[in-house]
Amino acid sequence: MSFTRRSILAAGSLAVASTALRGISLAADATDTRFTPRELGNPNAKVVVEEWFSLTCIHCAHFAENTFPQVQKELIDTGKIRYVFHDFPTDQLATVAAMVARTLPPERYEPFCSSLLSSLDRWAYIKEGSPKDELKKMAAFAGMPGDTFEKAIADQQLMQFILNQQTEAQDKFHFDSTPTFRFNNKEQVSSALTYEDFTKYLAKAS
């Protein structure tokens with residue numbers, strides 16, 4: 001999904017998080033899993049693949065559905081790579097969804113994100129009803145109580161953490177679309193890669 005810096009900044013204007021930010025400390029407490037890395041695979045792998053994605057991005061959804069399962073089976077589960085997920089919401093709804101995903105226990109983050117990406121038509125792009133209400137239902141299926149959901153989407157500190165990480169990545173790597181991948185900090189590509197192309201970039205960066 002293509003985006004502009006303006007669209008990134010607009011993602012921070014959340015109607016569900018309207019309280020002004022005052023004196024929020026963004027230091028990530030190591031015991032607060034909202035701020036810990038989301039990754040899979042061998043922590044000591046020689047190759048690290050990072051993905052920046054948006055939970056309302058149809059191209060991210062295409063990669064998640066068609067390529068990532070094979071990446072996980074052939075490369076992550078076998079210990080060949082460490083795979084790091086980075087939230088990069090490109091609109092307000094994606095920001096809310098990322099906040100909910102990060103409020104879940106870390107082990108539920110990837111399955112929940114995969115579930116959201118595989119069902120965009122049932123929550124993000126529904127023709128009738130409220131995307132937030134549908135997101136709340138999906139969070140409930142993932143084990144999140146309703147009151148926890150409401151706290152999650154109003155979590156100013158978490159929202160600012162996600163947006164700060166997003167801005168830092170944009171300033172450093174100059175993304176122009178999602179999903180964007182970096183292979184061993186050597187190769188960068190913005191595309192919903194096929195598995196064949198994924199392994200080609202992996203080989204070039206190894």
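**View 1. Overview of the predicted protein chain.** The secondary structure of the protein chain comes to 10 helices and five strands. Of its 206 residues, 45% count as buried, and among contacts between residues at least 6 apart in sequence, 76% join residues at least 24 apart.

View 2. The five strands form an open sheet with mixed pairing, in the order β1-β3-β2-β4-β5. Strands β1 (38-41) and β5 are the edge strands, each pairing on one side only, and neighbouring strands of the sheet are turned by 15° against each other on average, direction ignored. Strand β2 (residues 47-53) pairs with β4 in the antiparallel sense over four bridges, whereas seven bridges join β2 to strand β3 (residues 81-87), and these two run parallel.

View 3. Four bridges join β4 to strand β5 (residues 187-190), and the two strands run antiparallel, with Arg182 standing opposite Gln188 in β5. The two strands form a hairpin with three residues between them, and Asn184 in the turn has a positive phi of about 55°.

View 4. Gly41 lies in strand β1, and because its relative accessibility is 39%, Gly41 counts as partly exposed. Leaving aside neighbours within four places in sequence, Gly41 is in contact with Ile76 and Ile81. Gly41 and Gln72 are 31 residues apart in sequence, and their C-alpha atoms are 8.4 Å apart in space.

View 5. In soluble globular proteins, nonpolar side chains tend to be buried together. The largest nonpolar core here has 52 residues, of which Val71, Ile81, Tyr83, Phe112, Leu135, Phe183 and Phe198 touch the most other members. Helix α4 (residues 92-103) contributes the largest share of this core, six residues. Apart from this core lies another, of five residues, among them Trp52, Phe88, Ala169 and Phe175. Phe112, not counting residues up to four places away in sequence, touches Ala97, Val100, Ala101, Leu104, Leu135, Met138, Ala139 and Ala142.

**View 6. Packing of helices α4 and α5.** Helix α4 and helix α5 (residues 106-117) pack at an angle of about 150°, with their axes 8 Å apart. Because angles over 145 degrees count as roughly antiparallel, α4 is roughly antiparallel to α5. The crossing in which α4 passes α5 is right-handed. On the α4 side the contact is made by Ala97, Val100, Ala101 and Arg102, and on the α5 side by Tyr109, Phe112, Cys113 and Leu116.

Key: Residues are numbered from 1 along each chain as its sequence is written. This is a predicted model: local features need pLDDT of at least 70, side-chain atom pairs count only at pLDDT 80 or more; totals for chains, interfaces and linings use all residues. Side-chain values use heavy atoms; hydrogens and water are left out. Two strands pair if DSSP finds at least two bridges between them. A nonpolar core is a set of buried Ala, Val, Leu, Ile, Met, Phe, Trp, Tyr and Cys residues joined through side-chain atoms within 4.5 Å. Buried means under 20% relative accessible area, exposed over 50%, partly exposed in between (1.4 Å probe, protein chains only). Contact means heavy atoms within 4.5 Å. Axes are lines fitted to C-alpha atoms, for helices over the stretch in contact, and angles run from 0 to 180 degrees between N-to-C directions. Angles under 35 degrees count as roughly parallel, over 145 as roughly antiparallel, 65 to 115 as roughly perpendicular and the rest as oblique. A crossing is left-handed if the near helix is turned anticlockwise from the far one by less than a right angle, and right-handed if clockwise.
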